[in-house]
Amino acid sequence: MAIDAVDQAVISQGLIAAAREMGVKLVRSAYSPVVREANDCSAALLDRHGNVVAQAELIPMQLGPIGATFRPCAELFPTDTLVEGDFYINNDPFQGGQHLQDVFLFSPIFFEGVLVGFGATVAHHLDLGGGAPGLNPDATDVHQEGIIFPPSKYNMDHDWNGGPLERLIRANIRVPDQTIGDFNAQFAANGIGGRRVMELCGRFGTDVLMEAMDELLDYSERRMRAAIRELPDGVYEGEDFLDDDGVTDEPLRVQARVEIKGDNVIVDYEGTCDQVGSNVNCPYASTVAAGLSCVKAVLTSPDIPFNEGSKRPIQVRAPYGSLLNPRRPAPVRARMLSAYRAYNAVMKALAPSAPDKVIAAGFDSTEIIVLSQLTQDGYKIYLEILGGGYGASTHSDGCDAVDSPLSNCSNVPIEAMDMEYDYFRVEDYSLVADSGGAGRYRGGLGFQRRYHILADNVTFATYSDRFRLAPEGLFGGADGVCASTQVLRGDQVINLPSKVSFPLEKGDILVARTGGGAGYGEPGQRAEADVERDIREGFISQAEAAE
Amino acid sequence: MRVGIEVGGTFTDLVAIEDGRVKVAKVPSVPARPDEGAMASLVAGEIDLRSVADLVHGSTVATNAILERKGAPVALLTTRGFRDVLFLQRHNRTQIYDLFYRKPEPVLARRDILEIDERMSGQGEVVEALDKAVTGAKIAEFLGAGQYQSVAICLINAYAEPKHERQLAALVAAQFPDLTITCSADVTREFREYERTSTTTLAAYVQPVIDSYLRRFETELGEQNFAGRFSIMQSNGGRLPVAGMSRNAITSLFSGPAAGVMGAVRQAGLSGYGDLITLDMGGTSTDVCLVADGKPNLSGETEVDGLPIRTPVLDIVTVGAGGGSICWRDDGGMLRVGPESAGADPGPACYGRGGEQPAITDAHMVRGTIRAEAFLGGAMDVDGSASSRVFKELAEIFDVSLEEMADNAVRVADANIVGAMQLVSTERGRDPRDYVLVPFGGAGPLHAARVAEELGITTILVPPNAGVLSAYGLLASDFLQYETLTRRIPLGEGAAELVRTLFDDLQQRATTSFRDLGVDGELNYTYSLDMRFIGQAFEITVDIEAEALRELDADGLLALFNEAHNRVFAFGESGLHRAEIVSFRLGASAAPDVVPALNEGIGDEATRGQTRIFDQGEWQDCLLASRAAVKDQAEGMAGPVLVEDGTSTIFIPRDWVGEVDDQDNILIRNLGKD
């Protein structure tokens, strides 16, 4: 029986609204700044088989593979054995997870005793133990990065709220009050999603609801395929490089082969370098998310609901043992950096056949800043995520100072930091002039933050990229400007590499400067008025304009 | 006589009431000079200003100044190191897969911002003192070189301690007495520098525009010997005497939708209903708002053109579903309605002004639920065949009949409205079935019953003259001001006493301010606290009754907070975290000395007729009745009935029955579900 078209529209909207509400409430009831201010979390509703049907549009990276993170749980603990109060948990990078900090929770939704779907949330947890607070850049295996939750099933009544799982986690992490608070916010958001799905069941019946879920997947698939068909068939190649693995100075190659055939796309990362001994390895689920997100962003209009159906036409392959599909126990904490190069390689491959849909390379890195301090009262951990400039396009300049495409974190307001952290103070947060590559349209600007360190025994840990290899301009546009990190100590200027841990002293000034995006088209073709505005506003200097 | 004039984007509405007689006028707005439209409405309504005791005005002047970037040239003074806060914004994207993403454009340029050497800590202590001599000279040079009319001052952590802002304001005032000065501490005292800077800058940007607009307006009133009281509508649902606008212009944003809600509150209140969801459907969009016990929900945040504003506003959710919303098929084969709108020009196809895409108004023409001969009370010629033509094309694409196509489009529009209503109800932890739906605006009463069915709402109340309810709302609104304060207080020993002391101070402030503005009479006060668990960043508003405030202790506060937290997030006290108070809000209001009732216009005859409509998949015979005819039928009139009252069309479908109560409201009830 075909579902009534209007019922379909109503239920689809209801599901999407419910997922959005889950996301809002997760953020609003969370405790750590990385979730409540930076919004490093996501939420989705899954059908009873674990297919994502609707998602809160928060972080593309976390959303792409939620279904893949779910499946190992359901294989070990079949869905027909679930009872009220059960939940699945998974953060295992080698069984559908990403990096350990992103913990996925799935809560089944029952209506009149029938399993109809799952509420799912993922949040980046501030600290999950491991070799250093918040981030251990020196980890040589995954075990040094924190506690692993293999795909498992627990129950709220038995295991949480003071139960054994909660106690186990609490004992193994450094800031338990914030972290357990964030877990509770995840459970609550799952509950909200469940409640909304039950309301829809009450109005339409479970059969109609399940049918509507199926149709929503088919609908996204149809729209995705329609978009893919517009591209000429062919095989396209692209490559990009990471600066290094943080241990040697050797660039790391990422290679993508994109095949478009009718309404299907195959992305194959054959030719990518082997996995490395440091934390830039990218688990397969993250690689899939990177490839999918790029294809989706380039080919389709932003309003196609992204769900399991929209993934059906796209296959992503990566050789086992490579940087983009590492073997256990590779460390993976900084997987975003390699994921971005996987994203860039696909973008470059698509550029010649879709020049008006792609953008030039941007800073396209996740720069993590961790400032931690151990005091008599325990650990204090501050963590934030910095983006930079976007690449320009045939339509406009790249966006200035914004989180990179696979993520979507907000900044932590200066006033939120000042309220809670007494061992540093941000004294400057500004755009970096001249950091965008010139072009008919220029790349977006990077930005900088200056942290004045107010106490001794503060440790800085970071990972970033594009410190040495600039994002490349497109169709004649100039490259973007690289990022840098410096410590100013008295008269001394200490240049730090992109992936490092470094002890700070009271009085130090830490300057984190993120990179700009690359330009698009010949700089000579730039409109005079745009150049003048950039000079007047101080976005570019006279010297830069002259060139 | 009491007169309300509401200037909207397309029409300017006037409602005049004297001795129970209601006069209504509707004239085209003059977007470039809104006061001309307002004066024209006075002429159209044949109003002699000498006899007007109370004139209340709402307009889109502030909103348009921002949308069209026609505010005053504004400079911003901020803390050293933070010149770019308005450009950096929050570092996120509202469309996560949009590669060409652009941030919302601030209303000033980077060169209009001056950094000041000073710094306050998050606890309100001076980290770097402000050197007045040096700063004064810098300000003189900077402002002297620009052509500014207005100065915004927003410093880091000034929400905790505004001392430096005050010093800067004094320095500016001393050297540039003609400039309008707006300090963040006077506009919003919430933390998060981007949102606060945005709010302060926008306030400074619109203030001179509003000032000169109101001066012109007052002059014109003076020329016509107006001697009554002139007050202005605010987005918080209350009005202020015009003098109050000289430092509060930002509160006049979105005053139109707020006035509509207040009109609905008043009119439904007369019939004894206080728990309402209002539904204002016009040409391009629908506004919904939840009202609990006669008090509309407030929200601390809103935005214009993507730019955030933090000041108390009615919690109105807007969705792009109106009479002009375009119906279309997307590339996945789904029927969509809006957000694109045909607007007023070209308008729906039936307007005959070149609109070639099917709009919701066209769908109603096809279904027979809007009749060409009764459009705007018969004042406008429309062409039903054009509606059929454009819908026929869409019907062929979907392979359904013409009227089924139109019916489906209306149902999808209804679903969009339902989504907005869930946002203000279920998402805020309220069950819509506990509320009465109050539709108004040109199209609200046409869609109300089906929307109600979707949400399980069983009672609808349609006020008289529903098409001009916003203008009436101006007259029905109280004088209203909020005083706010940010002060973090963990719940525990002594917290309740401190709460009482601080509320006493706020109450004193609000009272003095009202007396200065010449508002006499009894003041009513409301008290609310924004609270959270320590460590959370977002607060939940906890309302406290005046009586309870006197008796309250920390345990009682915690219980109130837990209940509110549990309602919104579906969980409460876990024993893990303590709760704290973050900010205080005191509302002070004074009722206008007389609130006229919005009764029937004169000359409404009891007429009945027959028509045919297509609803829910089939053609039906439908009664055509005037309001007076419904009123005559004491036992109620069973649907399907169309009631045309000149300002809007009311639809009573099958399974619903309508009756007019003694306040001239039409009550529509669902049979068998009551």
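Let's start at A:A44, which touches A:A19, A:V52, A:A54, A:Q55, A:A56, A:L63, A:I66 and A:A120, leaving aside residues up to four places away in sequence; contact here means C-beta atoms, placed from the backbone, within 7 Å. This is a predicted model, where local features need pLDDT of at least 70, side-chain atom pairs count only at pLDDT 80 or more, and totals for chains, interfaces and linings use all residues. Residues are numbered from 1 along each chain as its sequence is written, while chains are lettered from A and ligands numbered from 1 in the order in which they are written.

A:A44 is among the residues with the most contacts inside the largest nonpolar core, which has 379 residues; A:A342, A:V346, B:V206 and B:A409 are listed with it. Such a core joins buried Ala, Val, Leu, Ile, Met, Phe, Trp, Tyr and Cys residues through C-beta atoms within 7 Å, buried meaning 20 or more other C-beta atoms within 10 Å of a residue's own. Another core, of 6 residues, lies apart from it and includes A:F363 and A:F467.

Now follow the two chains to where they meet. The contact takes 62 residues from chain A and 52 residues from chain B. On the chain B side, helix 11 gives the most, with 6 residues.

Helix 11 (residues 402-424) of chain B packs against helix 1 (residues 5-29) of chain A at an angle of about 20 degrees, their axes 10 Å apart. That makes helix 1 of chain A roughly parallel to helix 11 of chain B, a term for angles under 35 degrees. Among the residues that meet here are A:V6 and A:V10 from helix 1 of chain A, and B:R411 and B:V412 from helix 11 of chain B.

Terms used:
Buried ≥ 20, exposed ≤ 12 C-beta atoms within 10 Å, placed from the backbone. Contact = placed C-beta atoms within 7 Å. Axes fitted to C-alpha atoms, helices over the stretch in contact; angles between N-to-C directions. Helix = DSSP H or I, 4+ residues; strand = E, 2+ residues; numbered from the N terminus. Parallel < 35°, antiparallel > 145°, perpendicular 65-115°, else oblique.
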